[in-house]
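Hello,

Please find the structure below.

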Amino acid sequence: MKLRQGTFSFLPDLTDAEIHTQVQYCIDNGWAVSVEYTDDPHPRNTYWEMWGHPMFDNPDAAAVVFEVNECRKQFGDYYIRVIAFDSTHGWESIKLSFIVNRPKDEPGFHVSREEVKGRSMRYSIKSYATDKPEGKRY
Amino acid sequence: MTNNNISEDKNKHLGKIDLHAELIETGVEQVLIDLDKSLIGLEPVKTRIRETAALLLVEKAREKLGLAHETPTLHMSFSGNPGTGKTTVALRMAELLHKLGYVRKGHLVTVTRDDLVGQYIGHTAPKTKEVLKKAMGGVLFIDEAYYLYRPENERDYGQEAIEILLQVMENNRDDLVVILAGYKNRMNTFFESNPGFRSRIAHHIEFPDYSTPELLDIGSSMLDQLNYYLTKSAKDAFIEYINLRKEQPHFANARSIRNALDRARLRQANRLFKENNGPVNAEILSTLEEVDIRESRVFSGGIDN
């Protein structure tokens, strides 16, 4: 099951040239761009591992594409995303976030149902991948 | 269908591109004219830049007409004595390459060994990569590049920086242009001990020393910008000064001229206070007299910076 998180996630995977164009748009708007990775695809897992520092002073997107490829070399079977921070409010807030790399095989999520008081149901989801310990999931 | 394709192909080759119009349209012409006007002397450098610009323009035209083309290697080395305008030309080069569409942003990142080489194991690679990332889309100018390589210390981290540089120069050729600069002799030794660099750099440009009239012109244009001028006798004294200064050690061409003029302005200010001839006008404030030049240590056998 293809993970649909962040912008462009219902489109086919972006090529490097397309990533370059999107990132250049972010840089031209004055946003700091950062690369992050994780192997826990749960939608509530907001904080992914940082791949290096956010790139505050690179005027060209080639630097970000370069880092994405460096990250792919080491974490080719992880989810990798590019996020852009806007600091004009006085704090860093995310303006754009999109996935640029995903594992070859995405097993999807298990929906568990729990019967509670009366006829109410409680639902929760759990990725099949997270049955295994961190680092051995994909 | 097949017929159509053939005629289309023919049209592609028959299409015409006015190279001269292209030159003006891209704004390259303007950069070249500015270069001619604002830089005094440096004829061989200007010729090389013109040639490079022509080549790049022709490559672009070939690409448009569908002919075989290959992004030429643009990495360069500038060798010459201090103060011969290497950094200034690098700045123009960045602008030129940007207008020609060979670099996307056209900014210049100037670094020296300190910015690339770390102080402990594992420090160099991230540092060098950080600089390279900053320079992507523009031009990376490495001043006194030979300091990167220190053969006398085999544990020196410079070699690591060189390896990363070479790798990025090769793999990310479309993303950045690297310009190495430094004194001629030391650059030659550097290239001899790092053959990888020599072969990856297509353009070796030499910056000649300035002649006395050229240095005088440079001095005059510097003063012009500051609204100062030399009197006739001061000019003669200044020519004498340049000739004497050139023979002394640590002569740094245009930079020495700038320093000499800065000191002359200092002495002029001092003189105006000492003379104390009542109120001064703009004329007096912007005139450098012969004495302001003659007071220099160079005339009494001393050394100026």
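This is a predicted model: local features need pLDDT of at least 70, side-chain atom pairs count only at pLDDT 80 or more; totals for chains, interfaces and linings use all residues.

Residues are numbered from 1 along each chain as its sequence is written, and chains are lettered from A and ligands numbered from 1 in the order in which they are written.

Sheet in chain A

Helices (H or I, at least four residues) and strands (E, at least two) are DSSP runs, numbered from the N terminus. Chain A has an open sheet of 4 strands in the order β2-β1-β3-β4, with antiparallel pairing; two strands pair if DSSP finds at least two bridges between them. β2 (49-55) and β4 of chain A are the edge strands, each pairing on one side only. On average, neighbouring strands of this sheet are turned by 20° against each other, direction ignored. Axes here are lines fitted to C-alpha atoms, for helices over the stretch in contact, and angles run from 0 to 180 degrees between N-to-C directions.

β1(A) and β3(A) pair over 7 bridges in the antiparallel sense, and Val33(A) has Ala84(A) in β3(A) as its bridge partner. Helix α2(A) packs on the sheet, where it touches β1, β2, β3 and β4 of chain A, and its direction makes about 10° with that of β1(A). Contact means that the C-beta atoms of two residues, placed from the backbone, lie within 7 Å.

β3(A) and β4(A) also pair in the antiparallel sense over 7 bridges, with Asp86(A) opposite Ser93(A) in β4(A). These two strands, β3(A) and β4(A), form a hairpin with 6 residues between them, and Gly90(A) in the turn has a positive phi of about 105°.

Helix α1 in chain A

The buried residues of α1(A) are Ile19(A), Val23(A), Gln24(A), Cys26(A) and Ile27(A). They lie on the same side of α1(A), because they cover an arc of only 155° around the axis; the arc is that of the directions from the helix axis to the C-beta atoms. A residue is buried if 20 or more other C-beta atoms lie within 10 Å of its own, exposed if 12 or fewer, and partly exposed in between, with C-beta atoms placed from the backbone. The cover over the buried residues of α1(A) includes β1 (32-38), α2 (62-74), β3 (79-86) and β4 (93-101) of chain A. Exposed residues Ala17(A), Thr21(A) and Asp28(A) sit on the face of α1(A) turned away from its buried side. Gly30(A), which follows α1(A), has a positive phi near 85°.

Contact between the chains

Chain A gives 8 residues to the contact and chain B gives 10 residues. On the side of chain A that touches chain B, α2(A) supplies the largest share, 3 residues.

Helix α12 in chain B

In α12(B), the buried residues are Ala234(B), Ala237(B), Phe238(B), Tyr241(B), Ile242(B) and Arg245(B). Their arc around the axis is only 150°, which puts them on the same side of α12(B). Lys232(B), Asn243(B) and Glu247(B) are exposed on the other side of α12(B). The buried residues of α12(B) pack against α11 (212-225), β6 (229-230), α13 (253-275), β7 (287-288) and α15 (290-294) of chain B.

Regards
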